[in-house]
Amino acid sequence: VVMAEDAAALEDAEAAGTELPDAGLALVGGSTTMASVRAQLLEALEEAEGDEGMADTIERLKGGKFSFLLPMKGKKRRRVVMRAQEKLVRGATAMGDPIALMP
């Protein structure tokens, strides 16, 4: 899972081949929802609370105030997923690789 300031920053980084800040690791299968990924990330951030390398990420994502960026079919752009829609998005293919989020 990577973190971008917004969808445009993510698109620019992908086009330039630049790596984005790591926002954690989530295990995603065919039926995993984005809501489940959110829960995994928040749990992992709680465990990494004392890790100085993750301090910036922890501070930005604390409290779950972040949005996922979902790839659009047939386009290189991504759109923001509303929190209520997170249960509807299932599977690694739908979420994109890497899974992207923005604070």
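The legends below describe close-up views of a predicted model.

View 1. The strands form an open sheet of four, in the order S1-S4-S2-S3, and their pairing is mixed. At the edges lie strand S1 (2-3) and S3, each of which pairs on one side only. Strands of a sheet pair through backbone hydrogen bonds, and the pairing can be either parallel or antiparallel. Between S2 and S4 the pairing is antiparallel and runs over three bridges, with Ser67 standing opposite Met102 in S4. The pairing of S2 with S3 is also antiparallel, here over four bridges, and Pro71 has Arg78 in S3 as its bridge partner.

**View 2. The hairpin of S2 and S3.** Six residues lie between the two strands of this hairpin, and Gly74 takes a positive phi near 75° there. Where does the side chain of Arg78 find a salt-bridge partner? The partner is Glu14, whose side chain meets that of Arg78 with an N to O distance of 3.5 Å. Because Glu14 lies in helix H1 and Arg78 in strand S3, this pair ties together parts that are 64 residues apart in sequence. The two residues can also be described by their accessibility: Glu14 is partly exposed, with a relative accessible area of 39%, whereas Arg78 is buried, with a relative accessible area of 9%.

View 3. At the start of H1, a side-chain oxygen of Asp6 reaches to within 3.2 Å of the backbone nitrogen of Ala8. Along the helix, Ala7, Leu10 and Ala13 are buried, and, seen down the axis of H1, the buried residues fall within an arc of 125°, so they line one face of the helix. An α-helix has 3.6 residues a turn, so residues three or four places apart point the same way. The buried residues of H1 pack against S2, strand S3 (78-81) and strand S4 (100-102), while the face turned away from the buried side carries the exposed residues Asp12, Ala15 and Ala16. Just after H1, Gly17 takes a positive phi of about 75°.

**View 4. The surroundings of Arg38 and its salt bridge with Glu86.** The structure holds two salt bridges, and one of them is formed by Arg38 with Glu86, whose closest N and O atoms are 2.7 Å apart. The pair links distant parts of the chain, since Arg38 is in helix H2 and Glu86 is in the loop between S3 and helix H4 (92-95), 48 residues apart. Side chains of opposite charge can pair when their charged atoms come close. Is Arg38 buried or exposed? At 5% relative accessibility Arg38 counts as buried, because the limit for that class is under 20%, and Glu86 is buried as well.

**View 5. Gly29 in the loop between two helices.** Gly29 is found in the loop between helix H1 (7-16) and H2, where, at 32% relative accessibility, it counts as partly exposed. Leaving aside neighbours within four places in sequence, Gly29 is in contact with Gly91 and Ala92. Gly29 and Asp6 are 23 residues apart in sequence, and their C-alpha atoms are 26 Å apart in space.

Note on methods. Residues numbered from 1 in each chain as written. Predicted model: local features only at pLDDT ≥ 70, side-chain atom pairs only at ≥ 80, totals over all residues. Heavy atoms only, no water. Buried < 20%, exposed > 50% of the residue type's maximum accessible area, 1.4 Å probe, protein only. Contact = heavy atoms within 4.5 Å. Arc of directions from axis to C-beta. Polar contact = N/O pair within 3.5 Å; in protein donor to acceptor, adjacent residues only side chain to side chain. Salt bridge = Lys/Arg side-chain N within 4 Å of Asp/Glu carboxyl O. Pairing = 2+ DSSP bridges.
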